[in-house]
Amino acid sequence: MSYKEPAPISHDKDPLESMMKRFHVAAEYLNLDEEIYNVLKSSVKKIIVSLPISMDDGSIRVFEGYRVIHSNILGPSKGGLRYDANVDLNEVTALAAWMTWKCAVVDIPYGGAKGGVKCNPHEMSQSELERLTRAYTQAMHDVFGPDKDIPAPDMGTGPDQMAWLMDEYSRARGTTVNAVVTGKPIILGGSVGRIEATGRGVMVSTLAALTKMKINPFNATIAIQGFGNVGSWAALLLKERGCKIVAISDVSGGYFNKEGIDIGKAITYKNENDGVLENYGGGKKISNEDLLTLDVDVLIPAALENTITEKNADKIKAKLIVEGANGPTSHEADSILEKKGVIAVPDILANAGGVIVSYFEWVQNRLGFKWTKNRVYRRSDSIIKQAFNNVFAISNKYNISLRTAAYIAAIDKVSRTYRYRDGSFTFQKNDKDSQRRK
Ligand code: NAD
């Protein structure tokens, strides 16, 4: 293979470099030819817009907005909309590609995209946020569409922004188009089961990995970093299935109890305490760094990116890491963990529960029909289990990490689909036998 390896990662914080490193490793295993390597590493479209917004004090401020469509090979592109002061085109580009691999690994018919607006949503009023979201939607009117590109919430955005986006898009079309965006309030066509979906997927992939490792969940001890949407739901659902959650943490620090944390009580405490665990009394106070190196069976990072790096990877004692957060492990830490025999279920698989139920929301909107919670749970659990088993089989076949196996599964699917679509593959008996046209 003659394509050039990406430059070494200059610092842990560049998500695009980090993603490209993983892409490159998987591409080598697949012996991907240079043409397709170049197709898959490039984004289809990058849009930058200026959004002049009237602020509540009468002034006008101009915000910069982005939308990157990395791929639409598998279907319309899907990806969140982030409101954050540090958002930039580089970050959005990496996150868009990440979405391509995430959708492909769990086999849902979407490509990958991401959007962002450089702003501080915490310093803006609801009406300023509404004007910003409506202006962004107008600017992206030709980009979005239920068959083209479907946004969703991400950092700094939630059901309100999705409702405004749906309304603004629908006004321009002259008809209600609820399938243009997911993560909407349920009354506007949001799906039941979406709130807990990512934590539920983390629970399902943790149990799937424990089964393969022959660890009985009733004997498993777990530490979870981050007690927001993903961390608290994963904690609650794993506890319900018999696991002992011995440590939890959030921005206020960590809490350890070797008899097991009462997760229900911790959630109630957090809800009554402005969403933070500060002064939570159900465990001994530890630091977030201590939590990462506890002697537990499972570690679930569910807060920030780059928490497990070459600086602390060697001290990790957990046998299994399940990545609830996006990008919690740096590329350098991967090889240290692999040498230690630590198994890591990668983010693109472990936290895909959210995008799976977003896909269900879109399906329900297009059907004009609502599914029950049980149907959502059953179908999303089954998709995650199937994806886990597929990735596990690839990792056994090549004797490689689950992360590289997940990227292989994803890149293989997207590249073969591309080859069929561009006519360079012909169908042979079954899909796996597809061959290049002579
Ligand atoms: P959230 O905002 O609900 O929760 C984040 C949690 O992390 C909070 O408990 C916060 O206190 C804690 N935290 C913040 N800074 C911390 C620090 N320095 N040390 C320890 N804890 C800290 O966010 P979320 O929706 O739970 O998302 C968490 C991660 O999961 C993010 O990486 C996100 O991208 C990823 N993710 C979320 C979803 C989803 O559906 N919510 C889907 C896929 C991936």
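How much area is buried between domain 1 and domain 2, and what share of that area do carbon and sulfur atoms give? Before I answer, a word on the model: it is predicted, so to speak of local features I need pLDDT of at least 70, side-chain atom pairs count only at pLDDT 80 or more, and totals for chains, interfaces and linings use all residues. Residues are numbered from 1 along each chain as its sequence is written, and side-chain values use heavy atoms, with hydrogens and water left out.

The domain assignment gives domain 1 as 46-177 and domain 2 as 197-350, and such bounds come from an automatic or database assignment. Their centres, taken over C-alpha atoms, are 30 Å apart. To return to the question, the area buried between the two domains is about 530 Å², with carbon and sulfur atoms giving 63% of it; buried area here is the accessible area (1.4 Å probe) that two parts lose on being put together, summed over both. On the side of domain 1, W98, K102 and V105 supply 72% of what that domain buries against domain 2, more than any other three residues.

In terms of contact, meaning heavy atoms within 4.5 Å, five residues of domain 1 meet five residues of domain 2. Across this interface the rule finds zero salt bridges, a salt bridge being a side-chain nitrogen of Lys or Arg within 4 Å of a carboxyl oxygen of Asp or Glu.

For the structure as a whole, the salt-bridge count comes to 25. One of these joins K413 to D107, with the closest N and O atoms 2.7 Å apart. Because K413 lies in helix α14 (residues 402-421) and D107 in the loop between α3 and β4, this pair ties together parts that are 306 residues apart in sequence; helices (H or I, at least four residues) and strands (E, at least two) are DSSP runs, numbered from the N terminus.

Turning to aromatic pairs, where ring centres of Phe, Tyr and Trp (its six-membered ring) lie within 6.5 Å, and planes under 30 degrees apart count as stacked, over 60 as edge-to-face and the rest as tilted, the whole structure holds twelve. Among them is the edge-to-face pair of Y110 and W362, at 5.2 Å centre to centre and 65° between the planes.
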